[in-house]
Amino acid sequence: MAAPESGDGNNGAARMVTLISSDNTRFEVEAAAASLSQTLQLTILDGGGGGGDGIPLPNVDSATLSKVLEYCIKHAPAAANGGAPNATAVDRAELERFDNEFVNIDQSVLYSLIMAAHNLEIEGLQSLVAKKVADMIKGKSPMEIRRTLGFPDPTPEEQAEMNAHMLEYGWAYE
Amino acid sequence: MAEPGGRWRRGLWIAPGDGADHITGLPLELRARIASFLPFRQVVQLSSLSRPWRRIHYHTPVVRVKLSDFLFPTGEMLALDEEHAFAGLEAALLRRAEEPGSGSSKVKALEIRYSVHEPLMRHHADRIIALADARELRIEIFINGRRDSSAAWALDLPPSTRALDVVAFGHLAPTISGPGAAALENLGFHIGVVREWSRLPSLRILTLELVTVQAPFPLGACWPLLEDLSRSWTSPSSRRSWKRSSSVVAPELETLVVRCGRGHEDYRSFTLQAPRLRCLEWYNQFTERVDIDVGRPGSVTAGVIELVWNGGRDMKDRRALMMRMLKGLLPELPQEQLADAARPHITHDKYYKVHCHGELVLEEKITCDLDALMSPLQLASLNDLQNQVQN
């Protein structure tokens with residue numbers, strides 16, 4: 001079954017849009033991939049981003065944007081399929097492999113990605129990154145989480161507060 | 001509120017590349033979203049991390065509690081300690097419910113795992129469900145030792161609940177009541193037994209997955225608004241193979257999905273009366289008699305009929321069932337014309353499949369693509385065909 005033509009039916013040639021990162025780098029990408037972002041989808045439907053104009057994204061730097069677009073391009077075909085009910089097990093396994101590798105990155109990049117996914121309203125990417133951070137801390141004690149997330153060592157006051165918390169919420173620690 | 005090591009530039013937080021904590025700098029909403037993947041107990045622990053985390057457990061859209069975790073490793077309930085733990089959990093949820101400006105503190109989804117046959121645990125589960133008053137409720141039944149899986153149990157839905165999923169692992173489905181029962185729109189019941197149906201006047205979507213249905217399917221009066229019904233059956237674990245009739249009468253039903261796994265029971269007869277049905281998906285349920293009334297001929301325009309078998313029955317039975325169903329969808333078309341019209345859209349596959357003991361078994365499958373058969377173009381030409389026959 002052929003996927004329905006998205007957008008203006010340009011005889012097969014996919015419609016391209018230009019995105020401009022906060023540090024003025026231009027990214028040309030298929031409208032279908034950029035449309036994974038709810039925010040961009042609205043602009044694109046209004047006819048924005050084509051020609052020489054480009055859509056400025058003042059909150060996303062080029063390193064983050066290229067990472068975001070890597071995700072969008074990989075996920076666009078499945079998204080166009082409406083959550084891909086027809087996708088084969090192989091396709092789904094491949095996407096899962098991609099996702100696992102995609103979030104195997106430094107915490108500072110995770111942070112930039114989660115902000116960008118939030119600002120651009122890319123639902124799948126938000127969940128993927130949030131889940132990755134959750135997996136990093138799951139089952140760890142607060143002290144271990146502080147270390148995992150790179151908190152500075154607790155001050156004596158903070159340590160006292162943590163101890164008090166443990167007494168007050170004993171049921172959550174057992 | 002800049003963290004040490006980073007800097008703000010034109011409203012953009014430049015993350016430091018020094019392995020320092022970046023997550024605390026995220027808005028509360030995003031941290032709550034991360035915490036939503038964790039058990040609620042750990043979310044409460046997170047509130048001890050530092051000041052920006054203090055109220056995190058009031059804001060996670062999803063609350064996950066496994067009451068089974070409150071058991072001691074021996075699996076025994078030690079009343080005093082349990083009571084203390086449950087009281088703490090309930091107090092936290094109560095304070096959350098009383099949080100002013102309850103927009104983001106409202107629980108969107110509650111996932112709770114408990115044993116319905118431990119009176120103490122069920123009592124607390126009921127309280128937690130009421131306190132969370134979640135829009136979506138997902139219950140997983142926890143089996144503690146050998147319990148009677150056929151004991152009836154009730155579930156009181158809080159007023160905000162619109163969607164309920166119960167994974168019963170062989171237990172009975174609950175009888176549903178409470179303030180939320182009248183407003184429930186979406187019900188899913190998985191891996192269990194249904195002995196009676198609850199009256200749910202707002203129900204629109206019903207999903208039954210690997211469910212043994214022992215009660216006659218209720219009439220439209222029970223679920224007058226039902227639009228979407230998915231069913232998949234399993235046979236009871238005992239070899240009690242009584243044949244049943246099934247009938248679906250639903251005035252608002254638009255989508256019906258019937259899916260059967262391996263080892264399912266065949267139906268003696270299947271009756272469907274759904275004047276607004278548009279989509280029918282039928283996988284693998286064999287029935288000797290089928291009686292389909294969908295109002296107008298050709299009003300079902302989407303879906304699929306797929307029959308898979310090995311050995312047992314021959315091709316002829318399957319083809320005959322397929323044609324009986326198509327006849328129900330297009331009752332006015334003479335048998336021969338129907339067969340001609342359907343032929344291009346019915347495919348027959350033969351393939352080997354590896355079964356559980358590693359043996360290769362030849363399977364056969366016939367599939368009819370209803371989208372293609374019923375597409376408007378096809379219908380037009382069918383009508384022509386009909387006219388020719390009549391003239």
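Four residues of domain 1 of chain A are in contact with five residues of domain 2 of chain A, where contact means that C-beta atoms, placed from the backbone, lie within 7 Å. Nonpolar here covers Ala, Val, Leu, Ile, Met, Phe, Trp, Tyr, Cys and Pro; charged covers Asp, Glu, Lys and Arg; the others, Gly among them, are polar.

This is a predicted model, in which local features need pLDDT of at least 70, side-chain atom pairs count only at pLDDT 80 or more, and totals for chains, interfaces and linings use all residues. Residues are numbered from 1 along each chain as its sequence is written, while chains are lettered from A and ligands numbered from 1 in the order in which they are written.

**Confidence**

- The model scores ipTM 0.86 and pTM 0.75.
- Chain A has a mean pLDDT of 85, and 84% of its residues reach 70 or more; pLDDT is the predictor's confidence in each residue, from 0 to 100.
- Among the elements of chain A, the highest mean pLDDT belongs to α6(A), at 94, and the lowest to α9(A), at 86.
- Residues 1–11 of chain A have pLDDT below 50, and this stretch has nine contacts in the model beyond near neighbours in sequence.
- Chain B has a mean pLDDT of 79, with 77% of its residues at 70 or more.
- In chain B, pLDDT stays under 50 over residues 1–17, for which the model has 25 contacts beyond four places in sequence.
- Residues 234–243 of chain B also have pLDDT below 50, with 15 contacts beyond near neighbours in sequence.

**Domains of chain A**

- Chain A is divided into domain 1 (16–138) and domain 2 (139–174); these bounds come from an automatic or database domain assignment.
- The C-alpha centres of the two domains lie 35 Å apart.
- The UniProt annotation "domain: SKP1 component dimerisation", from an unreviewed entry, covers residues 124–163 of chain A. UniProt positions follow the numbering used here, feature names are shortened, and annotations may be inferred rather than shown by experiment.
- That span is 75% helix and 0% strand, and its end C-alpha atoms lie 38 Å apart. Helices (H or I, at least four residues) and strands (E, at least two) are DSSP runs, numbered from the N terminus.

**The sheet of chain A**

- Three strands of chain A form an open sheet in the order β2-β1-β3, with mixed pairing. Two strands pair if DSSP finds at least two bridges between them.
- β2 (26–30) and β3 (55–56) of chain A are the edge strands, each with a single partner, so one side of each has no neighbour in the sheet.
- Helix α3 (residues 62–80) of chain A packs on this sheet and touches β1 and β2 of chain A. The direction of α3 makes about 5° with that of β2(A); axes are lines fitted to C-alpha atoms, for helices over the stretch in contact, and angles run from 0 to 180 degrees between N-to-C directions.
- Strand β1 (residues 16–20) of chain A runs parallel to β3(A), joined by two bridges.
- L19(A) stands opposite I55(A) in β3(A).

**Where the chains meet**

- Chain A gives 28 residues to the contact and chain B gives 26.
- On the chain A side, α5 (107–120), α6 (123–137), α7 (142–149), α8 (156–168) and α9 (170–173) each supply at least two residues.
- α5(A) supplies the largest share of that side, six residues.
- The chain A side divides into 15 nonpolar, eight polar and five charged residues.

**Chain B**

- UniProt places the feature "domain: F-box", from an unreviewed entry, at residues 24–56 of chain B.
- This span is 45% helix and 0% strand, and its end C-alpha atoms lie 11 Å apart.
- Strands of a sheet pair through backbone hydrogen bonds, either parallel or antiparallel.
- Strand β15 (residues 279–283) of chain B pairs with β17(B) in the parallel sense over five bridges. Here E281(B) stands opposite V304(B).
- Strand β17 (residues 302–309) of chain B pairs with β19 (residues 360–369) of chain B in the antiparallel sense over six bridges. T367(B) in β19(B) is the bridge partner of E306(B).
- Strand β18 (residues 346–354) of chain B runs antiparallel to β19(B), joined by nine bridges. K353(B) has V361(B) as its bridge partner in β19(B).

Conventions. Contact = placed C-beta atoms within 7 Å.
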